[in-house]
Amino acid sequence: MSAPRTMTGTPLPVVLAGARGHGRRHVDNIRRLAAKGLVRLAGICELTPLTEDEFGGELPEQSTDLGALLDSTGARAAVICTPIPTHTALALTAAERGVHLLLEKPPAPSYAAFRRMADGVAAAGVACQIGFQSLGSHAVPAIRDLIAEGAVGRVTGIGGAGAWVRPEAYFRRAPWAGRRRLDGADVVDGALTNPLAHAVATALALAGSTRAEDVAGIETELLRANDIESDDTSCVRVTTVQGGSVTVAATLCAERADEPYVVVHGTSGRITFWYKQDRVLLQRADHGPEELRFDRTDLLENLVAHLRDGTELLVTPDDTGAFMQVVEAIRTAPDPEPLPDDAWRRVPGEDRRVVPGIDALVAAAADRLCLYSELGAPWARPAHHHLPEEVSTR
């Protein structure tokens with residue numbers, strides 16, 4: 001898509017929808033870019049207005065109505081960091097006004113809602129960046145180059161591992177947290193679709209299979225130790241149309257929090273990418289291990305560059321189509337199985353549940369490209385298989 005040209009030389013007026021919770025990071029980032037003269041925070045959309053103390057300074061215009069706020073401020077871009085079920089409607093509200101978008105991940109709670117959003121944005125001719133910040137890492141194209149050069153031989157599969165710790169309060173932080181549905185609407189919160197969604201999206205990116213039509217089949221195993229609807233301990237294996245395999249395992253009930261990573265397995269080596277740290281370890285036959293560090297491009301800054309001079313967007317909606325096929329497979333799978341009482345324990349004084357042995361299982365899944373049931377986890381049921389419906393290839 002050619003860049004929709006906008007003003008140059010003056011700060012881009014931006015409205016932020018959702019300034020609390022994760023939205024605080026967007027507030028900080030907008031301030032950082034404002035200091036560089038790139039953007040101006042023109043308004044904040046929140047159901048409960050922020051106070052100056054909470055915001056940490058003089059507030060811009062506020063409203064509970066995004067459309068009205070975009071109209072009154074003349075904003076040219078919107079950052080949407082609101083509950084998952086609201087993403088599609090708010091994105092279309094902005095697109096209909098010709099307002100460009102940075103839309104937080106996951107972009108939608110279902111493939112149908114994603115398609116409505118992506119098609120509406122395309123029809124409106126606005127730029128839309130999806131907030132998979134890991135895909136702004138300069139490590140991603142560098143690893144793809146290493147793969148293309150045959151640095152680790154023929155790729156035999158890509159694994160992903162995320163072993164995180166979350167207190168039980170995490171699932172009470174918002175009405176939609178830990179839910180698959182809320183008031184009849186899809187939410188599809190869960191370890192693979194929200195907190196560790198980057199592991200899935202990054203693994204698919206390294207596989208060169210980011211579009212919806214790149215997915216041939218998906219297997220899911222969804223479980224939960226916490227008293228929630230969604231999964232907190234899960235794994236997925238995506239078979240690509242090219243014949244490759246992407247297997248990602250995740251838990252929010254780890255014994256110890258660890259850095260999530262993606263690993264490319266080759267016939268003569270492997271490449272491990274700790275995507276939150278922009279750190280890469282290259283291990284290959286007849287070479288010593290090489291550790292590489294990379295910078296990353298901020299996604300809002302990339303959107304501004306796209307609007308100013310046509311710089312290519314890093315994460316378009318179509319670039320997240322394969323990830324959304326995974327979301328759809330999880331949405332349509334049977335509800336997550338509760339783990340048996342003897343498979344988890346509470347950590348005294350920490351308000352959290354742990355699945356003993358899960359850290360090793362997550363690592364083994366990424367290493368061996370196996371699902372929990374194939375690794376012999378006694379509480380795992382055989383995978384649920386999902387075949388993607390035919391997709392639009394506009």
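For residue classes, Ala, Val, Leu, Ile, Met, Phe, Trp, Tyr, Cys and Pro count as nonpolar, Asp, Glu, Lys and Arg as charged, and the others, Gly among them, as polar. The model is predicted: local features need pLDDT of at least 70 and side-chain atom pairs count only at pLDDT 80 or more, whereas totals for chains, interfaces and linings use all residues. Residues are numbered from 1 along each chain as its sequence is written, and side-chain values use heavy atoms, with hydrogens and water left out.

**Stop 1: the second largest cavity**

Select L135, A201, L204, A205, T210, D319, T320, A322 and F323, which line the second largest cavity. A cavity is a set of points on a 1 Å grid over the protein atoms alone where a 1.4 Å probe fits but cannot get out; a pocket is an open set with protein on both sides within 12 Å along at least five of seven lines; lining residues have an atom within 4 Å of a point. The lining of this cavity divides into 6 nonpolar, 2 polar and 1 charged residues. Its volume is about 50 Å³, a volume being the space filled by probe spheres set on grid points that are joined across faces, edges and corners. The structure holds 3 cavities of 30 Å³ or more.

Helices (H or I, at least four residues) and strands (E, at least two) are DSSP runs, numbered from the N terminus. α7 and α9 each supply at least two residues of the cavity lining, and α7 gives the most, with 3 residues.

**Stop 2: helix α9**

Next, select residues 321–332, the helix α9. Its 12 residues reach 16 Å from the first C-alpha to the last, close to the 16 Å expected at 1.5 Å a residue; the expected span is 1.5 Å times one less than the number of residues. Is this helix enclosed or open to the outside? Because 10 of its 12 residues are buried, α9 is largely enclosed by the rest of the structure. Here buried means under 20% relative accessible area, exposed over 50%, and partly exposed in between (1.4 Å probe, protein chains only). Among the buried residues are F323, M324, Q325 and E328. To see what covers them, display α5, α7 (197–206), β10, β11 and β20, which are included in that cover; contact means heavy atoms within 4.5 Å.

**Stop 3: strand β10 and its partners**

Select residues 215–224, strand β10, in which 9 of 10 residues are buried. Two strands pair if DSSP finds at least two bridges between them. Which strands pair with β10?

- β11 (residues 233–240) runs antiparallel to β10 and is joined to it by 8 bridges; E221 has C235 as its bridge partner there.
- β20 (residues 384–386) pairs with β10 in the antiparallel sense over 3 bridges, and H385 stands opposite E219.
- β17 (residues 337–338) pairs with β10 in the parallel sense over 2 bridges, and E337 is the bridge partner of L223.

**Stop 4: the two largest pockets**

Select R20, G21, H22, C81 and E104, which lie nearest the centre of the largest pocket among its 43 lining residues. α1 (23–35), α4 (87–95) and α8 (299–309) are the elements that give two or more residues to this lining. The volume of the largest pocket is about 1,400 Å³, and its lining comprises 18 nonpolar, 15 polar and 10 charged residues.

**Stop 5: loop residues**

Select K105 and P106: the peptide bond between them is cis, with omega near -15°. P106 is in the loop between β5 (100–103) and α5.

D286, in the loop between β15 (279–284) and β16 (290–293), has a positive phi of about 65° although it is not a glycine. D286 is exposed, with a relative accessible area of 80%. D351 likewise has a positive phi, of about 50°, without being a glycine, and is partly exposed at 35%.

Finish at T267, in the loop between β13 (261–266) and β14 (269–274). T267 touches V152, G153, R154 and T156, not counting residues up to four places away in sequence.
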